[in-house]
Amino acid sequence: MGKKEVLEPKTGMNTASIKNDILNHLKYTQATDLSNATEKEIYKSVVLSVMDRLHGNWLDTQKKYTDKKTKKVYYISMEFLIGRLLDNALLNLGIEQQVREACEEIGYDYESIREMENDAALGNGGLGRLAACFLDSMATLGLAGFGYGIKYDYGIFNQKIVNGYQVERPDDWLRFGTPWAVTRPSVMYPVKFYGKSVPYTDEEGHLRFKWDNTQHVYALANDIPMPGFQNGVVNNLRLWKATSPKSLDLTSFNQGEYINAVRDIELHENISRVLYPNDKVFVGQELRLKQEYFLVSSTLQDIIREFKKYHDDLRELPTYVAIQCNDTHPNLAVPDLMRILMDEEGFDWDTSWDITVKTLSYTNHTVLPEALEKWPVSLLRNLLPRHLQIIYEINKRFIDKVHNTFGDDVNRVRRMSIISEGEQPSVQMANLGIVGTHKVNGVAALHTELIKKTIFRDFYELYPERFTNKTNGITPRRWLLQCNKPLAELITSEIGDSWITHLDKLKSLDKLATNAAFRKKYAAIKQQNKERLAAYVHKKYGYELNTEAIFDIQIKRIHEYKRQLMAALHTAALYNRIKANPDVEIEPRTVIFAGKAAPGYTMAKMFIKLITSIGDKINNDPDMKGRLQCFFLDNYSVTLAEQLIPAADLSEQISTAGMEASGTGNMKFALNGALTIGTLDGANVEILEEVGEDNIFIFGLTVEEVEELRRSGYSSWEYYQADPELKKVIDQIKDGFFSPDNPGLFHSITNSLLDSNDYFLVMADYPAYAKKQLEVEALYRNKDQWFTKAIYNTARVGKFSSDRTISDYANDIWGVGDQLKQGREYQGTKAKK
């Protein structure tokens, strides 16, 4: 008999201790037992048992930061797409096997239990997923890094496909609460709105302002632990929940006016009710602006309260605090920090400005001028009158600087002004972020160069030292170790496990790419992952995937610039080739799409309908059996991505050059051994540099060629007439071949390609895309060559670890590079054991 495990309630990492705690949480926390418990209750008890094991390190980590007076990094983001947390927590604690065994011993399958967890619906896509990867890396590197966001009741919608159309349904992910969040009733702040800015003279004769007659709502803190990888560090994600300052109006209630009694409470709590979809523009929605200020105000109050507990002089704030604004949404931090420092702390303008600029930094995520956030002055005047006053003063002083530097260049002043001109002036939030912070970063080398040359050129000429690149990254813990365990185990068996925290160590696999035995194992794992995905898809969607085919996958937000349309056209062209010549040599292919379209984005939603219609035609045609499939998988999420990415052979990264800031899906696919077909856009450029041009399928117009083509007079009709295969597909779409019950259904799509002159250049890039797809097929027929290139992709993308990205932020922006050395030393010691 084996040695009996010692029971260590709440802290023990052995199976017996964990099993004991699961049973105790069932009984003493949930008032049930094994004979009556549901899988949902078992799941909750498992999580609570895991939380027990996180709490000690959580508290110890915060104490260590306090005792050492460590400089803290605060990452403010409207989105954190953290996905499911259970697998990640077990991985980072190193107790996945023990929890699996504990579940088995009480009669439950861990795989069934983990399926009880909802994805935390706190983000729309790349922006939120990036933020989640960054939190994982900060904890793994031992940085004192804290996330701040909003605890949305309803996240991005649940997507259903009904008759081929996207239908949005509420994503009530918190219906039963979440055991991962710890509510902190003692951490609650008033967030003010409306009112007026009142001038007065203080005791020393200085002009001051008071924000008076305001309404307010309370921000209640909810904390989620963010553990590092097996290093004892547990950082914090703090999510704010809006609560009403008013209790139930009993007078109204007693008079039978129930609606009036709860109306004000509902209005206040609406602020954290729903996550806005990532639509093309926000047309001045007051609630969205309220959300942004709600996040900024509560976070800054919390940061300053924490700072004051241990420091006396707010002029030292930049020494001990770094605040990163993830996109323009938190850039109200600039005027709000100024307001706090001047109105509440009594500093003069110059001192307040110096503190603010040195403390704040801003990440830009777009190259599209129309995507830069702007808010009507009229809305800000009503909602945040004191902030608008401060923004006007910032702008006045800034414009003076522009005049002094560049002279009376009226056009330059107009372009650089934080306040736009016109009948309806607005506040340009990106301009505010550049002026009011000490660093502005792009998220890929190409993106950073583009913003310096285009949308922010004037600012770069004024502040060249402020602009820096920080190429995005992904956490290898979730995106290889967790989601692709067989490949992770194979890699570790060959080169050890230090790659988990030093992803550049994967370069050691390079020499194995031509090793027949290793390649065979690598290929077998890809096949295993395809079969796993097929089983998942069959269970969830009812589709039968051909696992012998190329898995050709495009998963991302549905948008015209991401060009799901081009992949759909190519899929239809493959169908036509097979129909025209059943004996044609075409490598079997399973094309998979997934992604959500913003509810108000009509064209993107029509793309989904077209893809599902093409899929219906293909999947119901006997001639296509074993040769071609096309599926759209609804309700794309982190969890679905974890199934799709390890199984992919081909990664579609085909945006119009110059329009994708970075992308991180491209990195995840490459890490897991999918070959990329893509344009020279976003981080594709750097992936090309890392993996080599022989190991990636690059096609299409460059940024410069896109600009030149548009400038010289692009005619999509010329491409339509010149390419018979493309013309046939467009004619089929236009004439109702894929929509026989409604022949004109897709005219908006064909009109956008032909009559509106195809702004996103689908027609211009299609011939090169189709030609490159022939190269994909030819290579796939030679599996040894294919998997050699796949291994090179896995081996050479170590640069794209979010650990590297965060290290760059720490050294170049936040001033916390000294913390990295301590974290790296620990990991280095661990790796040698």
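Helices (H or I, at least four residues) and strands (E, at least two) are DSSP runs, numbered from the N terminus. The structure is a predicted model, in which local features need pLDDT of at least 70 and side-chain atom pairs count only at pLDDT 80 or more, whereas totals for chains, interfaces and linings use all residues. Residues are numbered from 1 along each chain as its sequence is written, and side-chain values use heavy atoms, with hydrogens and water left out.

Strand β3 (residues 158-162) includes V162. The relative accessible area of V162 is 34%, so V162 is partly exposed; buried means under 20% relative accessible area, exposed over 50%, and partly exposed in between (1.4 Å probe, protein chains only). With neighbours within four places in sequence left aside, V162 is in contact with V167 and R169, where contact means heavy atoms within 4.5 Å. V162 and K609 are separated by 447 residues in sequence, but their C-alpha atoms are 9.6 Å apart in space. A second pair of this kind is Q424 and S378, which are 46 residues apart in sequence and 7.9 Å apart from C-alpha to C-alpha. Q424 belongs to the loop between α15 (410-416) and β13 (426-428), and Q424 is exposed, with a relative accessible area of 72%.

A pair of aromatic rings is described by the distance of the centres and the angle of the planes. Rings of Phe, Tyr and Trp (its six-membered ring) pair if their centres lie within 6.5 Å; planes under 30 degrees apart count as stacked, over 60 as edge-to-face and the rest as tilted. The structure contains 31 aromatic pairs. One of them, formed by Y522 and F787, is edge-to-face, with 6.4 Å from centre to centre and 65° between the planes. Because Y522 lies in helix α21 (residues 516-541) and F787 in helix α32 (residues 783-796), this pair ties together parts that are 265 residues apart in sequence. Y522 and F787 are both buried. The pair of Y543 and F631 is stacked, because the ring centres are 4.7 Å apart and the planes are at 20°. Y543 is in the loop between α21 and β16 (550-555) and F631 is in strand β18 (residues 628-633), so the pair ties together parts that are 88 residues apart in sequence. Y543 is partly exposed, at a relative accessible area of 29%, whereas F631 counts as buried at 7% relative accessibility. One aromatic cluster is formed by Y65, Y74, F146, Y148, Y189 and W240.

Charged side chains were also examined against ring faces. A charge sits over a ring if NZ of Lys or CZ of Arg is within 6 Å of the ring centre and within 35 degrees of the ring normal. R710 lies over the face of Y759, at 4.1 Å from the ring centre, and K290 lies over the face of F193, at 5.5 Å from the ring centre.

Two packed helices are described by the angle between their axes and the distance between the axes. Axes are lines fitted to C-alpha atoms, for helices over the stretch in contact, and angles run from 0 to 180 degrees between N-to-C directions. Helices α21 and α32 pack with their axes 10 Å apart and at an angle of about 85°. This angle makes α21 roughly perpendicular to α32; angles under 35 degrees count as roughly parallel, over 145 as roughly antiparallel, 65 to 115 as roughly perpendicular and the rest as oblique. On the α21 side the contact is made by F518, R519, Y522, A523 and K526, and on the α32 side by D784, F787, T788, A790, I791 and T794. The residues of this contact comprise six nonpolar, two polar and three charged. Ala, Val, Leu, Ile, Met, Phe, Trp, Tyr, Cys and Pro count as nonpolar, Asp, Glu, Lys and Arg as charged, and the others, Gly among them, as polar.

Helix α6 (residues 126-140) packs with helix α33 (residues 802-814) at an angle of about 75°, the axes being 9 Å apart. The angle makes α6 roughly perpendicular to α33. Residues C133, F134, S137 and M138 of α6 meet S802, D803, T805, I806, Y809 and W814 of α33. The contact of α6 with α33 has six nonpolar, three polar and one charged residues.

Most residues other than glycine have a negative phi, and most peptide bonds are trans. K10, although not a glycine, has a positive phi of about 75°. K10 is placed in the segment before α1 (15-29) and is partly exposed, with a relative accessible area of 41%. K69, also not a glycine, has a positive phi of about 50°. K69 is placed in the loop between α2 (39-67) and β1 (72-76) and is partly exposed, with a relative accessible area of 48%.
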